[in-house]
Amino acid sequence: MNAKPAAAPVPHPFTLRLALGLIGVLIAALTSGLNDRVTDIALADIRAAIGISYDQGSWIISAYQAAEVAAMMIAPWFAVTFSLRRFTLAVSAGFMLTGILLPMMPTPAMFIGLRVLQGIFGGALPPMLMTVALRFLPPPLKLYGLSGYALTATFGPNMAAPLAAFWTDDVSWMFVFWQVVPLMLIAMALISWGLPQDPLRTERFRQIDLFGMLTGCSAISLLILALTQGERLDWLASPLIIGLLLAALPLFVVFLINEWFHPLPLFKLQMLQRHNLTHGLLALAGVLIVSLSGSALPSAYFAQVEGFRTLQFAPLALTVGLPQLLIAPLVAALLNIRWIDCRWMLAVGLGFLITSCLAGMQITSDWGRQNFWLIQILQAFGQPMVILPILMSSTSVVAPPEGPFASAMFNTVRGFSSIAASTLVSWFVSHREQFHSSILINNAASHAWLMTAPVSSQANSSHPLLPDGSISSAENLSGFSTLVKHQALVLSLSDTWLLLIGFAVFLLLATAVVPKRV
């Protein structure tokens, strides 16, 4: 049985009132992303405040992210059914209320349970931003709306570090959760006044894809739990990780089969026959991996080698985050020029990111904050120059009635890929660090004379051995061990930048072959 053709959304003239409604959705989506990243960065302070262990605390992040991405899959369906305005207001209110209640939870189990609920509300907000941009914005302004969506991937994550540092160091850990209240109140006021009210479409429940919702949400949640807990539990050495994967993979296959044949699916897989959309989804996943070169790798260096707290890394994060408010609209304006091919803009953006990674590969243990400015500036320009052409190219083949399908697929891929990218990079850094540490220690043992001081009075951390081969002091030996650890990390970070260059080059080649010019 085939579905009835989807009714085209009622057109609305673009007015100041509607524009303010869209800004409200943008604020809500940015707040959702900030809440996720700020909580992640401030996790140590949160654990200390509520008195839970490291192992228990890891589930605060895992449970939220699993619920968040699962909600991204189904939010567009419910938004069409209940109306964009009603649904967005409802999930915004739920997101704010759970944020208010979280610091008051008396037990870790209740805290994690409420965090799951907040993840469901928070995950439903980013798809609304893409949905309203595709539906309400006229063609000349659509790219500016998509630049707002791009801010959730470029501006929000880079603003999280300074905010987390401010709340935990200068105010109170509770404001990590309460920071959402004023922003959500503003967003809800703008949404309720600016977005038009569509009628209820309860007849859609007759064709609800309940089986797809159950299998798809379960599969993606189990996969995310496996990814976020895998390194801690030693991956396939853990029965829990094996069980999660064995349950998730068949469920996901069943979900895809169901979506292909269902008359009113969550994902309209037939749309993947359009090259630009398929390229956009794959490229978005790749960009989320490459963009970690400007956030995760510098922060790992400063945290472990320089011993920086989050506040000390914040200026570098702001170098990428704050300029997005100007660069993203500027890139959108350039892409609106008819003779500019978005594929060329994407290639130039990837060139900036590759150059940034090449600069990062030169890292040494003597680097300071000043050595990272060029890397961060290249990232600030490169990220929007990549993400916006991807959105432009892929959404150009999406008709307005198909907006909810595209939103569900894009946001699910984005949510899952950001988690998978972080897992991949952290795993690679950890294992390359172990490799380099082993090589360095073996070389030190084979060339003991390199660690030997010429005379006893010159023994230090770099030369902890005395001329007779004995250890000068436990302090010097400990210092030498720290130097080895730092050097192993530096080498592993250099290797990781090289890995990310490989991803960027692959995206460059795919861009030359797969998408067609818009």
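**Helix 3 against helix 10**

In this predicted model, helix 3 (residues 54-82) and helix 10 (residues 210-230) pack with axes that come within 9 Å. The axes cross at roughly 155 degrees. Angles over 145 degrees count as roughly antiparallel, and helix 3 and helix 10 are therefore roughly antiparallel to each other. The crossing of helix 3 past helix 10 is right-handed.

Which residues of helix 3 meet helix 10? From helix 3 come Ser-58, Trp-59, Ser-62, Ala-63, Gln-65, Ala-66, Val-69, Ala-70, Met-73, Ile-74, Trp-77 and Phe-78. Helix 10 supplies Met-213, Gly-216, Cys-217, Ile-220, Ser-221, Ile-224, Leu-225, Thr-228 and Gln-229. By class, the residues of this contact between helix 3 and helix 10 are 14 nonpolar, seven polar and no charged.

**Helix 12 against helix 19**

A second pair is helix 12 (residues 275-290) with helix 19 (residues 474-513). Their axes come within 9 Å and cross at roughly 160 degrees. That angle makes helix 12 roughly antiparallel to helix 19. Here the crossing is left-handed.

On the helix 12 side, the residues are His-279, Leu-282, Ala-283, Gly-286, Val-287, Ile-289 and Val-290. They meet Leu-500, Phe-503, Ala-504, Leu-507, Ala-510 and Thr-511 of helix 19. The contact of helix 12 with helix 19 holds ten nonpolar, three polar and no charged residues.

The two pairs side by side:

| Helix pair | Axis approach | Crossing angle | Handedness |
|---|---|---|---|
| Helix 3 and helix 10 | within 9 Å | roughly 155 degrees | right-handed |
| Helix 12 and helix 19 | within 9 Å | roughly 160 degrees | left-handed |

**The nonpolar cores**

The largest nonpolar core has 140 residues. Which residues have the most contacts inside it? They are Tyr-301, Phe-372 and Leu-493. Leaving aside residues up to four places away in sequence, Phe-372 touches Pro-298, Tyr-301, Phe-302, Leu-316, Ile-363, Trp-367 and Trp-497. Another core, of five residues, lies apart from the largest one. Among its members are Ala-444, Met-451, Phe-480 and Val-484.

**Ala-49**

Ala-49 sits in helix 2 (residues 43-50). Is Ala-49 buried, partly exposed or exposed? Its relative accessibility is 38%, so Ala-49 counts as partly exposed. The range for that class runs between 20% and 50%. Pro-103 is 54 residues away from Ala-49 along the chain. The C-alpha atoms of Ala-49 and Pro-103 are separated by 9.2 Å.

Methods: Residues numbered from 1 in each chain as written. Predicted model: local features only at pLDDT ≥ 70, side-chain atom pairs only at ≥ 80, totals over all residues. Heavy atoms only, no water. Core = buried A, V, L, I, M, F, W, Y, C linked by side-chain atoms within 4.5 Å. Buried < 20%, exposed > 50% of the residue type's maximum accessible area, 1.4 Å probe, protein only. Contact = heavy atoms within 4.5 Å. Axes fitted to C-alpha atoms, helices over the stretch in contact; angles between N-to-C directions. Helix = DSSP H or I, 4+ residues; strand = E, 2+ residues; numbered from the N terminus. Parallel < 35°, antiparallel > 145°, perpendicular 65-115°, else oblique. Left-handed = near helix turned anticlockwise from the far one by under 90°. Nonpolar A, V, L, I, M, F, W, Y, C, P; charged D, E, K, R; others polar.
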